[in-house]
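Me: I would like to examine one residue and its surroundings in the structure shown here. Please take the questions in turn.

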Amino acid sequence: MSFSLNILEFEKLLELVSRHAQTPMGGALVKELRPKTNNSDLERELSAISETILLNEEKQVVWSFSGLQDPADAIAILRIRNTSLEPNLLLEVSRVANQAIFARSAIQPEKEFVPVLWSLVETIPPSLLATLEKIGRKILPGGEIDDTASPELARLRREINAQRSRLTRSLESVMRNSGDAIQDELVTMRNDRFVIPVKSDFRGKVGGVAHGFSSSGQTVFIEPLEAIEANNELQNLKGKEEREIARILFDLTEELREQLPAIEAAVDAVGKLDLIKAKVEFARKFNAVVPEISDDGTLELIDARHPLLEENLRTAKTEEVGEKESVGVEGKNPRSAIRDPQSDGPRSEVVPSSLTLTADRSVMIISGANAGGKTVVLKTAGLLSLMAISGLPVPAKEARVPFYRSILADIGDHQSLSANLSTFSSHMSNIADMMRECVPPSLVLLDEAGTGTDPEEGSALGVAIVDHFRQKQAQVIASTHYRGLKMYAANDPNVINASVEFDERTLQPTYKLLIGLAGASSGIEIAGRFGILPEVIDAARQNLDISAQQAEEYLAKLQTETRRAEDLRIALEEEREATAMKYAGLEVEAAKKEKARQKEFERKLAETLDSFERQSKAFIQSIEDKALRNKLEKERSARKAELNRAILAKLNDTETRRHAGTTKSEPGAIATGFLGGQRSDTDPVSRTHGASASDDSAFRDPHSAIPTVGSRVITTFGTTGTIEKLDKDTAEVLVGNMRLRQKLSDLRPAADRADRHRQTETRGSVSSKPSSATLQKPVDPADASAELNLIGRTTAEAEYELDRFIDEAYMASLPRIRIIHGYGTGALKNFVHHTLKNHELIKSYTFASSNEGGNGATIAELKL
């Protein structure tokens, strides 16, 4: 396996990624990244990135390792027997291990979703925490040993403090007794012993041991004879304290040494987790994605950006133009690929590129203007491919990369005076090495293949080199100015022709990669832009071969037309989106208005019905004849039920037609049809739901059958009855035991019994709303069912079915009905019994007999 890491600036990329590492271990692991040799290892590292993003964004699980040091020295000491760690090294190990255990505890609850991350921390034993807590109790954050580290240490420090206090008081007494001989009444220390400052002139007045002079020589520091024994005792106690501290540190070191495998696992886990976190932070900063490793050899980069170039442009935003050189741009002019075509300053952002290479179409030839970004495309494809197979996220919208075994590049000028290599020979030497090292699957990047020699020979050589790598099943991206390579791409359907765009209006490159189109070099225009004298430019145009000039002009014109077509497509797409948004807004507004009208209509309708019910009740109560009053009460209840069903049918019909876009009814028209008993011929909702236009106009058609006494008809309420009497344009219709007066224009012929039987739905329908067939079903004693099956329904669904069933049974004069509700939880049974108990048409009810369903069904008797 061979990779052009230096040419593609992979080390600089790793340096950029390592800035996001928080620990020395993580930073070192970033810089050690190289293309993987095992596909499973690569998939594992990419999965770790995806899992970390999942934990961060969806589970809000994060970890941070700031402030940690590399405990490598401490671990090396732990491997040596009978050695002891200093407090600061013990703390370093403890902090790293503590962070590892914290990360383990954070990952463990989500281990099913993040198996790769869990495998990194799974081997860290929780028992390590007890040792770390002991270190935390005995060593303070600053590295001092706590007084409570052991009883002996606590005792010794108490004695040291007491001895120091006694010694200080003794020396203060000496100073008071010495009068003017004392320079400052301040007990100080010299050579780790307590002394007093004495004036040099009174040195003989205070007996004791001199421990030196001040810098001015005016003061001598004397340890009085009275303090010598006390100082000796203090030194003895300090020696015991140091030995006790050494014993404590050794014991703690031994405990860590016993946990050495766990410590090493913790340090390794922290380093790897920090590496993964650095990758994730890099992905966030550069809007990168986790690449997919393709199995079919497809290289696909959508909106890919060169990360080094992008970082350089970000830095340039805050610096003066020209202060720093760009990184990762074309070798001839590093700045040229990042200059803004509309200004003299640098671009503020990278222009992304998209490209696709497959096993069948594995070669791309890129042509176009000098300094137009051809080399940037090559470097972007190469570096992002290296990043992908090294387990790094890539700055792109989408990325699919094969598991390359070699990525080889010939980019830039490799001439060397010391090696006696010219530009051409250095290119040929490098390409020869690439031919020997190329192992498929591979990606080969050639910047201006065949350059540096005679154009005709260079063009032929470039075609041969590209075709050689193609025959070796390598994917090739080559930039060129040679017409031969452009023709090679144009004549072979399996070779992709591409170019970098050049704006003829501004004479500036746009850095956009155009697929399927060769580009003109525009060398003369570029030369003029870089300051070549106008007379030189004019002379060059005159010397240009006519055929070459025509070819260049044709390519430039083709690019211009392609750009205009693309601009037009974008403009049309934007206009289409704006129009769609406008109409969507109109639809939303219309829906709001329609909903408001519907709500207002329903309110007014409810008020009208309530008023009608109150007035009808008052009128019936005023009738003295009890039999007549009961009969009218029954008829009122029946008409109320019929009216409710008709209203529901009309509303359903209106809603269905509105959604189907075939009508746009007005609520006022619906109200007129219901409450006034009259309908307009043009009323779109005056027909019963489900009836055809031909049915509706059956009696108005002069060629249709004339209704006669005995004809079966459908009334405006959706019920079926028989015409008993005709009076000009009015008919008296018998519906059940009720007689209705209806206009002939409002009646429709009813289907025969066989048709009605086909239209009739079973009572066990699972729909909670009446279908059109149910609404049109004639309430006839011969058709009425004495049984209702509610099993499987909710109470909300059963409410409407039960109410409708009782009304129709009453209209059909059925004395007895059976309601099947099943056993279940008893909720449906209780609801049925509650409804029957409070229903004005129910006389009594009881559970069915054992042969009729037992407690799973209820028998009810109606008031007739």
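Me: In which strand does S2 lie?
Reply: The model is predicted; local features need pLDDT of at least 70 and side-chain atom pairs pLDDT 80 or more, while totals for chains, interfaces and linings use all residues. Residues are numbered from 1 along each chain as its sequence is written, and side-chain values use heavy atoms, without hydrogens or water. Strands are DSSP runs of E with at least two residues, and helices are runs of H or I with at least four, numbered from the N terminus. Residues 2–3 form the strand that holds S2, namely β1.

Me: Is S2 buried or exposed?
Reply: Buried means under 20% relative accessible area, exposed over 50%, and partly exposed in between (1.4 Å probe, protein chains only). S2 is therefore buried, with a value of 15%.

Me: Which residue is the bridge partner of S2 in β11?
Reply: Two strands pair if DSSP finds at least two bridges between them. Strand β11 covers residues 406–410 and runs parallel to β1, with 2 bridges joining them. In β11, the partner of S2 is S406.

Me: What is the order of the strands in the open sheet?
Reply: The sheet has 7 strands, and their pairing is mixed. Its edge strands, each pairing on one side only, are β1 and β15 (508–515). The order is β1-β11-β12-β13-β9-β14-β15.
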